[in-house]
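Student: Hi! Could you walk me through this structure? I'd like to start with the inside and then look at the metal.

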Amino acid sequence: MHELGVVFYVIRDVKKVAKENQVESIESVTLEIGEVSGVVHEYLIDCWNWAVKKEPMMDHAKLKIEMIPALTYCEDCKGTYKTVRYAKICPYCQSEHTYLIQGNEFNIKEMEVT
Ligand SMILES: [Zn+2]
């Protein structure tokens with residue numbers, strides 16, 4: 001995922017919600033990001049700090065990130081395991097019939113306003 005594109009997308013969404021709710025300034029925005037979504041948190045925060053300076057409504061808004069751990073489900077043994085550690089092969093039964101059940105999320109969870 002391209003971090004700067006993500007930041008512009010989030011800013012656009014936040015501004016839309018702020019406008020609808022007659023919010024004057026935004027203190028912080030919390031994102032939920034899956035562990036394997038491909039977003040690098042440090043880059044995201046750098047891009048954010050650069051991009052919000054151009055936005056009068058949110059030029060001091062902080063970006064908070066909550067990570068959602070990646071989990072994979074095995075169809076053969078019905079087990080669930082940590083994706084980052086074992087990837088596609090189930091550690092219980094060595095099956096490859098597995099799929100990601102969480103960890104690819106990208107959500108705006110909440111925003112703090114004044
Ligand atoms: Zn299994």
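**The core and the zinc site**

Tutor: Happy to! Keep in mind that this is a predicted model. The largest nonpolar core has 21 residues, and those touching the most other members are Val10, Ile26, Val29, Leu31, Leu44, Trp48 and Met58.

Student: Which elements give two or more residues to this core?

Tutor: Those are helix 1 (3-20), strand 1 (26-34) and helix 2 (41-52). Helix 1 provides the largest share, six residues.

Student: What does Leu31 touch, leaving out residues up to four places away in sequence?

Tutor: Its contacts include Val10 and Leu44, then Leu63, Lys64, Ile65 and Glu66, and also Phe106, Asn107, Ile108 and Lys109.

Student: New topic! What coordinates the zinc ion?

Tutor: Four cysteines do, through their SG atoms: Cys74, Cys77, Cys90 and Cys93, at 2.3 to 2.4 Å. Along the sequence, these donor residues follow the spacing C-x2-C-x12-C-x2-C.

Student: And why is the arrangement called tetrahedral?

Tutor: Because the four donor atoms subtend angles of 105 to 114° around the zinc ion. For four tetrahedral donors, the ideal angle is 109.5 degrees.

Student: Is Cys74 buried or exposed?

Tutor: Cys74 is buried, because its relative accessibility is 0%. Cys77 counts as partly exposed, since its value is 32%, and Cys93 is also partly exposed at 32%.

Key. Residues numbered from 1 in each chain as written. Predicted model: local features only at pLDDT ≥ 70, side-chain atom pairs only at ≥ 80, totals over all residues. Heavy atoms only, no water. Buried < 20%, exposed > 50% of the residue type's maximum accessible area, 1.4 Å probe, protein only. Donors = N, O, S within 2.8 Å, 3.2 Å for Na, K, Ca; no water. Tetrahedral: all angles 85-135°; square planar, octahedral: opposite > 155°, others 65-115°. Core = buried A, V, L, I, M, F, W, Y, C linked by side-chain atoms within 4.5 Å. Helix = DSSP H or I, 4+ residues; strand = E, 2+ residues; numbered from the N terminus. Contact = heavy atoms within 4.5 Å.
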